[in-house]
Amino acid sequence: MHNAGTGDGIVKNGGAETRNKIRTAPLWGLRTRGRFMHDAQTFNLTEAILRHGGEAAQVRDNFKLLSGSDRMKLIAFLLSL
């Protein structure tokens, strides 16, 4: 679970610290999805990765540092799930 900035205030099964957190969808079956992110407003994985911020900003920034070839390899791996 992570804070995606939803601010919904709904406590999930896990106590008060889950109040503004959401559960990330599993990556299994990612290749069968046509939309990504929690709002389903993203249509490709590169854009989905680049839209991340907050708790995932460091991961997004690491992705930006990859070479074009390494980015394509990562996307190919994700699409193999």
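Which residue forms a salt bridge with Lys-73? Hold that thought for a moment. What you see above is a predicted model.

Let's count first. Searching the whole structure turns up three salt bridges. We'll take them in turn.

Back to Lys-73. Its partner is Asp-70, and the closest N and O atoms are 4.0 Å apart. Both sit in helix H3, three residues apart, so about one helical turn separates them. Lys-73 is exposed, at 55% relative accessibility. Asp-70 is partly exposed, at 36%.

Next pair: Arg-51 and Asp-39. Their side chains meet in a salt bridge at 2.8 Å, N to O. Arg-51 belongs to helix H1, while Asp-39 is in the loop between strand E2 and H1, so this bridge ties together parts 12 residues apart in sequence. Arg-51 is partly exposed, at 39% relative accessibility. Asp-39 is partly exposed too, with 38%.

Arg-60 has a relative accessible area of 18%; the cut-off for buried is under 20%, so Arg-60 counts as buried. Asp-61, at 29%, is partly exposed.

Ala-57, Arg-60 and Phe-63 are its buried residues. Look down the axis of H2: these buried residues fall within an arc of 120 degrees, so they line one face of the helix. What covers them? Helix H1 and helix H3 are among the parts that do. Turn to the face pointing away from the buried side. There you find exposed residues: Gln-58, Val-59 and Leu-65.

That's my tour. Thanks.

Notes
Residues are numbered from 1 along each chain as its sequence is written. This is a predicted model: local features need pLDDT of at least 70, side-chain atom pairs count only at pLDDT 80 or more; totals for chains, interfaces and linings use all residues. Side-chain values use heavy atoms; hydrogens and water are left out. Buried means under 20% relative accessible area, exposed over 50%, partly exposed in between (1.4 Å probe, protein chains only). Helices (H or I, at least four residues) and strands (E, at least two) are DSSP runs, numbered from the N terminus. The arc is that of the directions from the helix axis to the C-beta atoms. Contact means heavy atoms within 4.5 Å.
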